[in-house]
Amino acid sequence: MGKILIINPNSAQAVTEGIARAVAPLGPHFEAVGIAHGPATIASDEDVARGGLDVLEMARSRPDARAYITACFSDPGLDLLRAEGAKPAIGCQEAAILTALARADRFGIIALSERSIPRHLRKIRQMGVEARLAGELALPGVSAEASGRDEAVYGLVCARARELGAAGAGAIVLGCAGMAPIRARLERDTGLAIIDPVLAAAAIALGTILG
């Protein structure tokens with residue numbers, strides 16, 4: 001049987017490896033792949049648009065997969081994958097927000113940079129859940145890889161999570177797939193429910209193919 005293909009649209013191998021480790025507790029149902037020619041971080045709307053085409057091309061090259069996950073918080077290529085219609089396609093931003101809503105009345109998001117926030121807010125409005133958003137706070141434009149591995153960045157993430165908790169967020173969504181390695185630690189350090197978007201998407205995808 002084919003696996004659930006998790007497609008990281010950036011070229012950071014450390015991020016792809018971190019994604020694979022994050023979903024490993026769910027069993028041998030997943031394969032994580034990156035896009036070698038993609039940017040190191042999906043940062044701009046142009047990156048999202050180009051990344052979406054790369055995600056679609058990767059999915060088309062892997063018809064053996066049972067489902068696809070777009071492993072970037074802006075869900076590049078999600079609509080394109082769903083238009084193909086053949087197999088389940090899960091976006092990690094959608095999955096993370098839905099998971100956060102299952103954990104708490106209000107949620108917050110930590111973004112990599114300020115310029116990501118308008119893009120995230122458009123998706124939240126499309127989902128019709130803006131009334132349950134306590135807020136979104138940004139890091140100072142860090143890379144996807146640094147977001148889950150740099151100790152100085154981790155301190156900033158902790159501070160943002162606590163600010164969002166003080167603003168009423170009972171669940172905090174990590175706004176980058178690269179943050180997967182810090183989810184459990186951040187939850188212990190803050191006492192808040194911390195949602196890793198790729199793990200959230202993996203759980204939904206697994207339920208889809210096993211149901």
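Select helix α7 (residues 151-166) and helix α8 (residues 183-190). Their crossing is right-handed, meaning that the near helix is turned clockwise from the far one by less than a right angle. Helices here are DSSP runs of H or I with at least four residues, strands are runs of E with at least two, and both are numbered from the N terminus. This is a predicted model: local features need pLDDT of at least 70, side-chain atom pairs count only at pLDDT 80 or more, and totals for chains, interfaces and linings use all residues. Residues are numbered from 1 along each chain as its sequence is written, and side-chain values use heavy atoms, with hydrogens and water left out.

Stay on this pair. α7 and α8 pack at an angle of about 50°, and their axes are 10 Å apart. The axes are lines fitted to C-alpha atoms, for helices over the stretch in contact, with angles running from 0 to 180 degrees between N-to-C directions. α7 and α8 are therefore oblique to each other. Angles under 35 degrees count as roughly parallel, over 145 as roughly antiparallel, 65 to 115 as roughly perpendicular, and the rest as oblique.

Now show the side chains of the contact between α7 and α8. From α7, pick Glu-151, Tyr-154, Val-157, Cys-158, Ala-161 and Arg-162; from α8, pick Arg-185, Leu-186, Asp-189 and Thr-190. Contact means heavy atoms within 4.5 Å. The residues of this contact divide into five nonpolar, one polar and four charged. Ala, Val, Leu, Ile, Met, Phe, Trp, Tyr, Cys and Pro count as nonpolar, Asp, Glu, Lys and Arg as charged, and the others, Gly among them, as polar.

Which residue forms a salt bridge with Arg-185? Zoom in on Glu-151: the closest N and O atoms of the pair are 2.8 Å apart. A salt bridge is a side-chain nitrogen of Lys or Arg within 4 Å of a carboxyl oxygen of Asp or Glu. Arg-185 lies in α8 and Glu-151 in α7, so the pair ties together parts that are 34 residues apart in sequence. Glu-151 is exposed at 51% relative accessible area, while Arg-185 is partly exposed at 31%. Buried means under 20% relative accessible area, exposed over 50%, and partly exposed in between (1.4 Å probe, protein chains only).

Next, select Glu-187 and Arg-183. Their side chains meet in a salt bridge (3.3 Å, N to O). Both lie in α8, four residues apart, about one turn of the helix. An α-helix has 3.6 residues a turn, so residues three or four places apart point the same way.

Move to Glu-94 and Arg-82. This salt bridge has its closest N and O atoms 3.0 Å apart. Glu-94 is in helix α4 (residues 92-103) and Arg-82 in helix α3 (residues 78-84), so the pair ties together parts 12 residues apart in sequence. Glu-94 counts as buried at 17%; Arg-82 counts as partly exposed at 37%.

Then select helix α1 (residues 13-23). Its buried residues are Ala-14, Val-15, Thr-16, Gly-18, Ile-19, Ala-22 and Val-23. They pack against β1 (4-8), β2 (30-34), α6 (144-147) and α9 (197-210).

Finish at Met-58, in helix α2 (residues 45-61). Beyond four places in sequence, Met-58 touches Leu-5, Ile-7, Val-33, Gly-34 and Ile-35. Pro-9 is 49 residues from Met-58 in sequence and 9.4 Å away in space, C-alpha to C-alpha.
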